[in-house]
Amino acid sequence: MNQWKNFSKGFLKENPVFVLLLGMCPTLGVTSSAINGLGMGLATTFVLLMSNIVVSLVKNAIPEKVRIPSFIVIIAAFVTVVQLLMQAFVPALYKSLGLFIPLIVVNCIVLGRAEAFASKNNVGSSAVDGLGIGLGFTFALVLLGSIREILGSGKLFNITIYPENYVTLVFVLAPGAFIVLGYLIALINRMKKN
Amino acid sequence: MLNLNDLEDSKMAKRESSFINMVLTLVLVTGIAAAVLGFVYDFTKGPIEVAKLKAQTEAIKTVLPEFDELGETMVLSPGEGQDSLEFFPAYKNGELVGTAIKTYTKSGFSGFISIMAGIDKDGNFSGYSVLEHAETPGLGSKMGVWFSNPEKPNQYVIGKNPETTNFTVSKDGGDIDAITASTISSRAFLDALTRAYSTYKNNKTTGDSGQ
């Protein structure tokens, strides 16, 4: 399989947020600012990459009927590792994302890739797939977060762009997440049609 | 995406789902995961403690006048059935310059808020620092700067205390202006400060020097 295609599919063709519509809970929850989106995206990418590698390594040793619980344990272990590492070395980011990190376990993207890709492909392809999907997820979260931060608080990555008096608050609140996501998906569908 | 060969390969090599195999696999997977986690936990335990302590010391420094020594931490309860607050008395040349109080409220827009509040030796707030909150970004999250802006005396809490100033939002008849569009967060913030102050006062009367 063409590895570049395998990698780049995560950005547009099979983007987990815009096309597969997986992992909506963290997507809508954390994207109130670009930096939160970036942190969440990279944490998920790490988990995806590691779990894809491990799952593809052990795929033949795991009996069919217990594969889902085994995958979940592997994923949960990596999520806890991420959580502990973030708490120790980037406490500021952990403070703003803390609640959402454990939720990576139940992010359907991670289990989805383990089940649909890593359990059927070799280690190399699985690692590329995990990285591609993860970075595609990160790209989507940063895009959503940036738009919401610019419209909702007049900043981008905490740098003020225009005065706070002109912001549209709804964009940093939950409804804003749905509105921005809806328009982005419409835009991407339109682009894909051409 | 995947060719027939791959599929066959994986099917053939898969271990049979017999009872023994399944039990063995699950025991192994969970056992290895537990071992890895134990190792990582051990490895990060130190840095996490250091990071937490550092954040706390930084907060104490920002809320109090200059000091050179922290006294013994006291844990005091604000009242029956309520979680206790931590008190950090600070000294300069052996004299008490103020007390930092780690206070909290549970009535934030998104629940729990933890605040480090400083009370100087005259019994007025000398500063505060929000340690932990989940308030709406762009709204309630502004509490970190809103109440410490000296250009807006009606929302400034520093140098005041709940005895000289009515520590409720102006909407409820108090003296402090709430954050625009975040009355709930503002009420919660003032609740945390009031809790710190009343606990401080209660213990002052029974405590050492008094005023």
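1. Basis of the note. The model is predicted, and local features need pLDDT of at least 70, side-chain atom pairs count only at pLDDT 80 or more, while totals for chains, interfaces and linings use all residues. Residues are numbered from 1 along each chain as its sequence is written, chains are lettered from A and ligands numbered from 1 in the order in which they are written, and side-chain values use heavy atoms, with hydrogens and water left out.

2. The interface. In this model 33 residues of chain A are in contact with 32 residues of chain B, where contact means heavy atoms within 4.5 Å. Between chain A and chain B about 2,800 Å² is buried, and carbon and sulfur atoms give 73% of that area; buried area here is the accessible area (1.4 Å probe) that two parts lose on being put together, summed over both. On the chain A side, N60(A), P63(A) and L84(A) lose the most area to chain B, and together they account for 18% of what that side buries. The count of salt bridges between chain A and chain B is zero, a salt bridge being a side-chain nitrogen of Lys or Arg within 4 Å of a carboxyl oxygen of Asp or Glu.

3. The second largest pocket. About 380 Å³ of space lies in this pocket, and of the 17 residues that line it, V54(A), V58(A), I74(A), V29(B) and I32(B) are the closest to its centre. The search runs on a 1 Å grid over the protein atoms alone, and a pocket is an open set of points where a 1.4 Å probe fits, with protein on both sides within 12 Å along at least five of seven lines; lining residues have an atom within 4 Å of a point. Grid points are joined across faces, edges and corners, and the volume is the space filled by probe spheres set on the points.

4. The lining of that pocket. At least two lining residues each come from α3 (34-58) and α4 (67-89) of chain A and from α2 (19-63) of chain B, with α2(B) giving the largest share, seven residues. Helices (H or I, at least four residues) and strands (E, at least two) are DSSP runs, numbered from the N terminus. By class the lining holds 15 nonpolar, one polar and one charged residues, where Ala, Val, Leu, Ile, Met, Phe, Trp, Tyr, Cys and Pro count as nonpolar, Asp, Glu, Lys and Arg as charged, and the others, Gly among them, as polar.

5. Salt bridges in chain A. Over all chains the count comes to eight salt bridges. One of them joins the side chains of R113(A) and E14(A) at 3.7 Å, N to O; R113(A) lies in helix α6 (residues 108-118) and E14(A) in the loop between α1 and α2, so the pair ties together parts of chain A that are 99 residues apart in sequence. Both R113(A) and E14(A) are buried, buried meaning under 20% relative accessible area, exposed over 50%, and partly exposed in between (1.4 Å probe, protein chains only). K9(A), E14(A), R113(A) and D129(A) are linked in a network of salt bridges. Another pair, E115(A) and R67(A), meets at 2.7 Å, N to O, and links helix α6 with helix α4 of chain A across 48 residues.

6. A salt bridge in chain B. The side chains of R187(B) and D172(B) meet at 2.7 Å, N to O, with R187(B) in helix α4 and D172(B) in the loop between α3 and α4 of chain B, 15 residues apart. R187(B) is partly exposed at 38%, and D172(B) is likewise partly exposed at 41%.

7. L20(A) is found in the loop between α1 (3-8) and α2 (24-30), is partly exposed at 34% relative accessibility, and touches E14(A), N15(A) and R113(A), not counting residues up to four places away in sequence. S126(A), in helix α7 (residues 123-153), is buried with a relative accessible area of 0%. S146(A) is also in helix α7, and is buried at 13%.

8. Backbone angles in chain B. N93(B) has a positive phi of about 50° although it is not a glycine; N93(B) sits in the loop between β3 (85-92) and β4 (95-108) and is exposed at 67%. A181(B), with phi near 65°, lies in the loop between α3 (143-146) and α4 (183-206).
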